[in-house]
Amino acid sequence: MGTYAANLAGVFRGRAGIAPVYTDAGRFYQATYLTKKMGELLTDVMDVLAGGTGSHVLQLRTPFGGGKTHSLVALLHLVRDRATSVAACPDLKDIADPGDVQIAVLSGEELDPLSPMSATGIETHTLWGELAAQLGRYELVEQHDLTGSAPGGDVLRQVIGDGPTLILLDEVLIYVEKAMALQRAESTAGRQAMLFVQALTEAISAQPRAAMVYSLQASVGEAVGAEGLLSDLDKLVARVDAKREPVSGDEVLRVVQRRLFAELGDEEIHREVARSYSDVLRRQLLATAETGDARREAEAAADSLENRVLAAYPLHPDLLDLMYHRWGSLPSYQRTRGALQFLAAVVHALWKSGAKSPLIGPGDVDFTDEASRGAFFSQVGERERYTSVLSSDVTSEGAGCTTVDRTLGADSPTIAQLRVGTRVATAIMLYSFGAREGEDRGVLESDLVRSVLVPGLTRNIVISALHDLREEELYLHYTGRRYRFEPTPNLTKLVRDEASKLNSNEVLTEVRAELDKQLQGNKGVALWPETPGGIPDERPLFTVAYLHPDWSEDRDSPERFIEQASKGSPRRYRNGLALVLPDKAQFDLARHAIRLRLAAKSLLDQHRKYNFSAEQIEELQDKAANARRDGSAAIGAAYSTVAIPTRSRSGDAPYVLEPSDLRTMLAAGRALHERVVEALSQRVFSSVTTAKLVALAGLGPDRKTVICADLVDWFYSYYEFTKLWDKKVIASAIANAVKTSELGYVVGLVREGEKIAPRDARQIRFGERLTVDEIDLSDDAAILWHDYARECLQATIEPPLKEPEFDEPSAPQPTPQLPTPSPHGGTSQGGVPAAPTPSDNVRVADIQAVLDRSGLFNLRRALSWLSDQSGLVRIELNIHAEGEFDRVSFRNGLVEPLEEATENLDVNTQ
């Protein structure tokens, strides 16, 4: 890299080890791009040396590496070997030729106030002693040199003489700073050096054919602690000097091109590349432009990029911009020299790897190349703090950007070759150092996208890469809408580390809790049954079983859940069950999101331990909230299919599992179970017609009664029956059928063998209004064929000549007209008691009664009458029953109706 660091004193003295590109005038000018300012500098100095007018004292003040020393070397070669210089750079031929010129070079890097110089054959101790020795007039300042006292203007004018004289001073501040430590009587060597420089500038200005060109740092930041000296030195010479900047603006492009590339190839290819990059930018900008002004700005930006690419080829102008304008603010950066050193390493690495990118942009730098990394840190500094960052997030095999490369390139070989994740991360690393004036470090999304776009890559893919990098990279920060790398791990790493501490069972427990929360309030849900026994059986309620996230059809067929119940026994209520099958991919997303939420919450709980800033706490809260939303959404989509057994039409099997795809259903704003219910709505119903009920029950001359409990069993057991959400649907249908006299209903049965009859025909309800709550679906209640109901009711009005036989019609009798049932169980025919008078009213009743089994039917009549009255009613029950009751029947027939009637229930059984 020393190839790009000129040494003025070494070139002047022909010192060994200096690169020929600097010592040889011809090679020097062949490799030099003559900037406008450098050309003006050479012209002005040569004019003065030739006796013309102009500034005799010129100051070169640019940042390190900005071309100061290079310009001094250019003056040296042009004066020493004009013919060779002009032959190598014909643009110099019109510059004045002053003839033979005496030259003196004073370099602050070479001269040491503590060590005498003897390169001229004379031992010198000061700047003025060395100047006089080089010009052959040492005797004029010998005493001044030995005593360390700066000579005055008259002595210096004699030293300079009347002929053409060029004095070049490089890095003056370095010498003066070192000399400040040496005491000289009541002064210092440094103070005397500053007085010498002031006197020299005045002496040069008085000589008609003398010129002095010297360099200073451009800013106090580059003066490395010598800000006061820089200011004092600047004031000493400011009266007579003229400041020049050899390289400015886009001239850096030309300088870099000339130094790095012997030739740039076919210009038609340059134009083609420039157009292609311009077209890519134009398409991206126009895609988001919403106004005419925005579209015009897009066109202008694209045209500007085309022109700048043409000028900078094969370098992307954004790469040079960030180095010149952003890195230029860094004290370690050396402007033109730094650009040359860094880009030389980058170009060499890309050439070795056979890279074929049309341009070399911010995303094309190969940080896996050691020389490129070294040159990068040499210019931006921060090597110790950022080496691990670069390794972790950009160059290592496990870096987050490589994960993004694989993700985005999985379906596209073209995108895979572009390595978009690495490309974007590399560009962000370059933008993480320095800043434009008035801006923060880092890069805006819009600037970053523009700098990494290449033909074949779209803005959307770059944005996707940015989104993924924020999740994957450990040291990438997004602050103030700017992306940059920092040497401190971002919260992504802390959250990821915290998440790794959580075991799978912890996460799965939270997934279940979230799913349970989403399903809360829905009846008939069985969540994650591990075996068929985990799904209730013989419960007259349609059950929707959400299978475990890890369920696999290969390990456990869905048919097993349909056909089996607890301990492998056959399931009875097969017609009351649907299975909801998990989507493993969605559950993985849910697990990931919930793991992140738990990790973020854990870190928030430990905020004092980590000493988080308010900004970090807010970011963690945002991460937790986003993870909660992502987890909830993933769980809401975590089941893809609902399967329900339906009667097989082929006859090869009793049923087939009919699937419904939940993913095709509109999910916006609707919970998971809502979509499941909708998917089942064509197979499971919340109502059944009376005609369907009568038909399915099979009532008729051959089956005059059906026990209600059996009817419920049939609906939930046999695929031929309508699937119902709950048994209230049956109760409602019975109530409607009684009202329309399509069947009768009675509570209280007597059994003799297989024959069933009402215990008390007077309890038969037929042709009257009943509420759903009045329908008892136990095994002590039955529905009756309508003719049989009429027959039984007829017998209660006109007793038959003999006892009616069970389940058989009476002998034909003249059928009297049945009374029209009234809402209160009385009649509307003649003989109905008149409406009660006020004196007949009962206002308060407290009744206590003890009944045995034989009184239950009359109790029902009493309660039925009471339910039809208005007013306040409070009933306290104390039931004591002994016998051998079937537990399921006991539950369905006695306990469940009471549970539906009141929450204040206490049941003790033995």
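## Strands β14 and β15

In which sense do strand β14 and β15 pair, and over how many bridges? Strand β14, spanning residues 639–647, pairs with β15 in the antiparallel sense, and seven bridges hold the pairing. Within it, I644 stands opposite E658 of β15. Please keep in mind as you look around that this is a predicted model.

## The five-stranded sheet

Both strands belong to an open sheet of five strands, ordered β11-β12-β13-β14-β15, in which the pairing is mixed. The edges are taken by β11 (525–527) and β15 (655–661); each has a single partner strand, so one side of each is left without a neighbour in the sheet. From one strand to the next, the twist averages 25°.

A helix accompanies this sheet. Helix α31, residues 672–680, lies across β11, β12 (543–546), β13 (577–582), β14 and β15. Its direction is at about 125° to β12.

## Helix α28 against α30

Now to the helices, starting with a general point: two packed helices are described by the angle between their axes and the distance between the axes. For helix α28 (residues 584–605) and helix α30 (residues 614–636), the axes come within 8 Å and cross at roughly 155°. Since angles over 145 degrees count as roughly antiparallel, that makes α28 roughly antiparallel to α30. The crossing of α28 and α30 is left-handed.

On the α28 side, the contact is made by Q586, L589, A590, A593, I594, L596, R597, A600, L603 and L604. Facing them from α30 are I617, L620, Q621, A624, A627, R628, D630, G631, A634 and I635. Sorted by class, the residues of this contact are 14 nonpolar, three polar and three charged.

## Helix α26 against α28

Helix α28 has a further packing partner in helix α26 (residues 504–519): the two pack at an angle of about 105°, and their axes are 9 Å apart. That angle makes α26 roughly perpendicular to α28.

Here α26 contributes S504, V507, L508, E510, V511 and E514, while α28 contributes F587, R591, I594, R595, R597 and L598. The contact of α26 with α28 comprises six nonpolar, one polar and five charged residues.

## Strands β2 and β3

Elsewhere in the chain, strand β2 (residues 102–107) is mostly covered, with five of its six residues buried. It runs parallel to strand β3 (residues 165–170), and six bridges join the two.

Methods: Residues numbered from 1 in each chain as written. Predicted model: local features only at pLDDT ≥ 70, side-chain atom pairs only at ≥ 80, totals over all residues. Heavy atoms only, no water. Axes fitted to C-alpha atoms, helices over the stretch in contact; angles between N-to-C directions. Helix = DSSP H or I, 4+ residues; strand = E, 2+ residues; numbered from the N terminus. Parallel < 35°, antiparallel > 145°, perpendicular 65-115°, else oblique. Left-handed = near helix turned anticlockwise from the far one by under 90°. Contact = heavy atoms within 4.5 Å. Nonpolar A, V, L, I, M, F, W, Y, C, P; charged D, E, K, R; others polar. Buried < 20%, exposed > 50% of the residue type's maximum accessible area, 1.4 Å probe, protein only. Pairing = 2+ DSSP bridges.
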